[in-house]
Amino acid sequence: MSNLLDLLIAGLATGAIYAIVAVGFTLLWQTSQTINFAQGEFVMLPAFLMLAAMHVGAPFWLAIVIGMLLSMLLLGLGFKMLLVDPMLRHGVLPLAIATMALAIGIKEAVKQFFSAEASPFPSIVPAGDISILGRQVALQSVGVLALAIAAVVGLTMLLNRTSIGHQMQATAQNPTVARIIGIPVERMILLTFLINAFLVALASLLITPIYLAKFSSGEVLGQAAFIAAIVGGFNQVRGAIAGGLLIGVVDNLAAAYVSTQYRAAVPMVLLILIILLRPQGLLGRAEERTV
Amino acid sequence: MSLLNRYWRVALGLVVIAALIIAPMYLNRYGLFILSQWAVMTIAAMGLNLTLGYAGQVSLAQGAFVGIGAYSAAIMTANGMPLIAGLGVAIVLCFAIGWILGYPALRVQHHYLAFVTLAFSTLAFLVFRNESWLTNGIYGISNIPRPTILGYPTNRPLPFYYVCLGSLALVSFATWWLIRSPWGRAFVALRENPVRALSLGIDTRRYTLMAFAIGSALGGVAGTLYAPLTQYIDPVPFNLSLSLDLLMMVIVGGSGFFFGPFLGAMIAVLLPEWLRFTQGYYLMLYAVAVILLLIYSPTGILGILDRYLTERRTKAASALRAVAKSGLEPAP
């Protein structure tokens, strides 16, 4: 049983990071029909930006700030203006393919300009154990979980309690009507891209100390985020959160109890079952099917 | 006008075919390998073009079918059976699995379908890697023999290139015939408007499954050629990125155009090689080129051509109309 608790906490910690990435993914889909196949690479890149800032001599906290700002500039503003805006009117598929090409581009650029090797990355949570309910638990897991939960709660508050959040939701649900009632739709869409860029940078900061900074680490992360988004519900922020946590836990339990070889298969089977039995996701609303 | 056009088209086709037959005689081993790879990938992309471009069903699993074909060929030939037997197994297996994979397409569409096929792709990769008794796991299968055709061994690169080219020609002809058959028209009807297709009496259920099965079977054919081409296979080339690459080839070439996969595979296989002089930057430049192309023309390379031709035809038609209006007889 004790082992199970450790697995659950570690699973929730990685799951919370998946959730953050998946939330960004669903936000982009909701406001601008962008299926971002480069989302995993978006998580991989900010860690390297922070490493580069530290390499120039910035202290860790400043490097984090620089990395976040650069990420919002490149992966938020740049991504929207240079890739999404010119392609959006041509439909979902060409844009999705373009993001696949972007994923290759980011991966290769990191490999070329930084390093092909995995680099260690400092953790913002100190190492060591703390005792919870009389049990020793890695501080790192708890810290990551706490930060991720704080981010998710903050985002949910922003979306549900503030005027800007309501305007963003209106933009996502019906851009035409939103425009008619005077919501600056364009600005709201840009805001979701910036929020996504912030979320991936945060995820990068939290997950890179665990998995090291490597140019190819985006593939696994991106897939986990996709699955989390779909399992939870493609059109719901809280669905993506639930999906992320679920995938994190299932992945960790599968590694321990199924087999390490087929651990990656368990979330996939879950994905196929969910799509076939409940395509709108666990918490999602049924989307109108275009015929 | 259109007659001239047709002559031009036939002439261009003949020149390309002649070039594909003659030019490789002057290429080295590596050049032949790349060209053979182009032919193989074109076959796989044609299968995906059938599923995606004609029947409108997004699939991210074509790479897995290439893998299934390659492993069928490798395992059969390693056990002393001829490649043609491997081909048979690959086609039957991929057709059947493709048919089953088509069932989700009856329930979900678009991005959901893309994700189901993505999950299948990952599962197939795990099976290739983990079922060592069958696939030899991460160590792969080596020394895959090349076939002897009509008593003529194709071990050397040039003859095997002609095997690939010949297979490409056969597959192209079969696909061309299929697209013009009632089946092909049913596929297009399925893509354009499934509800109307159904109301016109087309069994959309059967044709959706059929589109998946035939497209997947072509992936299997490509795999059967891939195994003897590289003579060594392991799970790595058949991971998700091959499926993504194939999808990119179809879209970049021009999805729903017969010649789209030829051009798309050319971009995906040859362009990185041409850019190799830039050393570490070549895949980066390739990615940028693909993005720029898609921004300029989301319908791919053939989309540009199509736009240009339509524009010219419209201009020619309005010129003819102007002539007719002014009271003169239009040119016959």
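Is A:Met168 buried or exposed, and how many other C-beta atoms lie within 10 Å? A:Met168 is buried, with 25 other C-beta atoms within 10 Å; a residue counts as buried at 20 or more such atoms, exposed at 12 or fewer and partly exposed in between, with C-beta atoms placed from the backbone.

The model is predicted: local features need pLDDT of at least 70 and side-chain atom pairs count only at pLDDT 80 or more, whereas totals for chains, interfaces and linings use all residues. Residues are numbered from 1 along each chain as its sequence is written, and chains are lettered from A and ligands numbered from 1 in the order in which they are written.

View 1. Leaving aside residues up to four places away in sequence, A:Met168 touches A:Leu159, A:Met188, A:Leu191 and A:Thr192, where contact requires C-beta atoms, placed from the backbone, to lie within 7 Å. A:Leu270 is 102 residues from A:Met168 in sequence and 31 Å from it in space, C-alpha to C-alpha.

**View 2. Crossing of helices H2 and H9 of chain A.** The axes of H2 (residues 39–56) and H9 (residues 218–232) come within 7 Å and cross at roughly 130°; axes are lines fitted to C-alpha atoms, for helices over the stretch in contact, and angles run from 0 to 180 degrees between N-to-C directions. H2(A) is therefore oblique to H9(A), since angles under 35 degrees count as roughly parallel, over 145 as roughly antiparallel, 65 to 115 as roughly perpendicular and the rest as oblique. A:Gln39, A:Gly40, A:Glu41, A:Val43 and A:Met44 in H2(A) meet residues of H9(A) including A:Gly218, A:Leu221 and A:Ala225. By class, this contact of H2(A) with H9(A) has four nonpolar, five polar and two charged residues; Ala, Val, Leu, Ile, Met, Phe, Trp, Tyr, Cys and Pro count as nonpolar, Asp, Glu, Lys and Arg as charged, and the others, Gly among them, as polar.

**View 3. The side of chain A that touches chain B.** In this interface, 32 residues of chain A are in contact with 32 residues of chain B. Helices H3 (60–87), H4 (92–113), H9 and H11 (265–277) of chain A each give two or more residues to that side. H4(A) gives the most, with 13 residues. The residues on this side of chain A divide into 26 nonpolar, four polar and two charged.

Notes. Helices (H or I, at least four residues) and strands (E, at least two) are DSSP runs, numbered from the N terminus. Two residues are in contact if their C-beta atoms, placed from the backbone, lie within 7 Å.
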